[in-house]
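Please look over the sequence and the model shown here before reading on. The briefing that follows takes up a few topics one after another.

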Amino acid sequence: MTSIIKVNNIQNSSGTTALTIDSSGRVLRPTSTLVVFDATTVSGGTISSGIIPFNTATLNLGNHFNTTTYKFTAPVDGVYEFFARFLCGDSTNNNSCSGTVKMIVDGSTSISEAHFNTTDAWENLSLFRIISLTANQTIETQMTGSGGGGYVYANGSGTTDYNRFTGKLIG
């Protein structure tokens, strides 16, 4: 026995629309329920230790990424996906330098990290993680353990995309 339900909207018991099905069959969520951010660094100088200053959010649906504290705060329990990319360098061109960038939960627990140890002027590092978070847990990125003048270059013009930090609720 096959059942077919034909509806355009799915609502909760109070009448708030949770999903819409368009004429092509695409399932759409209201923008107000989306949790996603895309942040970049446009100022901050050279970061040899501490939180990376992702101070400009080009997208921040739900407003859960803070461009002052540079942290994402999970609004609900769920599974989240995060990606971060960094431009790392040294204080003098082609100096031997090193460092570590980390993705940190609640200010202290490293969940992903990448290291650079280079005699080249610049190196690009990336971090990626899918993780289960509870409401109010935070995610940030940090530079730690730099040597030989190693740092994350946090300056940009808004058009130069040296560093990027993104995240979203996936379920």
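Leaving aside neighbours within four places in sequence, which residues is Phe-82 in contact with? Bear in mind while reading that this is a predicted model. Once those sequence neighbours are set aside, Phe-82 is in contact with Phe-37, Phe-72, Met-103, Leu-127, Phe-128, Arg-129, Ile-131, Leu-133, Ile-139, Phe-165, Thr-166 and Gly-167.

**The nonpolar core**

- The largest nonpolar core holds 31 residues, and the members that touch the most other members are Phe-82, Phe-86 and Val-101.
- At least two residues of this core are supplied by each of E4, E10, strand E11 (97-105), strand E12 (109-118), E13, E14 and E16.
- Strand E10 gives the largest share of this core, namely five residues.

- Ile-111 has its place in strand E12, and it counts as buried because its relative accessibility is 14%, where the cut-off for buried is under 20%.
- Apart from neighbours within four places in sequence, Ile-111 is in contact with Met-103, Val-105, Arg-129, Ile-131 and Ile-139.
- Between Ile-111 and Leu-125 there are 14 residues of separation in sequence, and their C-alpha atoms are 15 Å apart in space.

**Salt bridges**

- Side chains of opposite charge can pair when their charged atoms come close.
- Searching the whole structure gives three salt bridges.
- In one of them, the side chains of Arg-164 and Asp-38 meet with an N to O distance of 2.6 Å; this pair links distant parts of the chain, since Arg-164 belongs to strand E16 (residues 164-169) and Asp-38 to strand E4 (residues 36-40), 126 residues apart.
- Arg-164 and Asp-38 are both buried.
- Another salt bridge joins the side chains of Glu-140 and Lys-71, at 3.5 Å from N to O, and it too connects distant parts of the chain, with Glu-140 in strand E14 (residues 138-147) and Lys-71 in strand E9 (residues 71-73), 69 residues apart.
- Glu-140 is buried, with a relative accessibility of 2%, whereas Lys-71 is partly exposed, with a relative accessible area of 25%.
- Glu-81 and Lys-168 also form a salt bridge, in which the closest N and O atoms are 3.9 Å apart; here the linked parts of the chain are again distant, Glu-81 being in strand E10 (residues 78-89) and Lys-168 in strand E16, 87 residues apart.
- Glu-81 counts as partly exposed at 24% relative accessibility, and Lys-168 counts as partly exposed at 34%.

**Thr-40 and its surroundings**

- Thr-40 lies in strand E4 and counts as buried, with a relative accessibility of 5%.
- A polar atom of the Thr-40 side chain lies 2.8 Å from the backbone oxygen of Asn-163.
- If residues up to four places away in sequence are not counted, Thr-40 touches Pro-53, Phe-54, Asn-55, Thr-56, Asp-161, Asn-163 and Arg-164.
- Arg-164, one of these residues, is also the partner of Asp-38 in a salt bridge.

- Val-79, Phe-128, Ile-130 and Ile-170 make a nonpolar surface patch of about 330 Å².
- Phe-128, a member of this patch, lies in strand E13 (residues 122-133) and is partly exposed, with a relative accessible area of 46%.
- Phe-128 is also among the residues in contact with Phe-82.

Note on methods:
Residues are numbered from 1 along each chain as its sequence is written. This is a predicted model: local features need pLDDT of at least 70, side-chain atom pairs count only at pLDDT 80 or more; totals for chains, interfaces and linings use all residues. Side-chain values use heavy atoms; hydrogens and water are left out. A salt bridge is a side-chain nitrogen of Lys or Arg within 4 Å of a carboxyl oxygen of Asp or Glu. Helices (H or I, at least four residues) and strands (E, at least two) are DSSP runs, numbered from the N terminus. Buried means under 20% relative accessible area, exposed over 50%, partly exposed in between (1.4 Å probe, protein chains only). Patches are made of residues with over 30% relative accessible area and no salt bridge: like charges are joined within 9 Å, nonpolar side chains (Val, Leu, Ile, Met, Phe, Trp, Tyr) within 5 Å. Accessible areas come from the Shrake-Rupley method with a 1.4 Å probe; for residues, only the protein chains shown count as cover. A polar contact is a pair of N or O atoms within 3.5 Å; within protein, one must be able to donate a hydrogen and the other to accept it, and residues adjacent in sequence count only if both atoms are side-chain atoms. Contact means heavy atoms within 4.5 Å. A nonpolar core is a set of buried Ala, Val, Leu, Ile, Met, Phe, Trp, Tyr and Cys residues joined through side-chain atoms within 4.5 Å.
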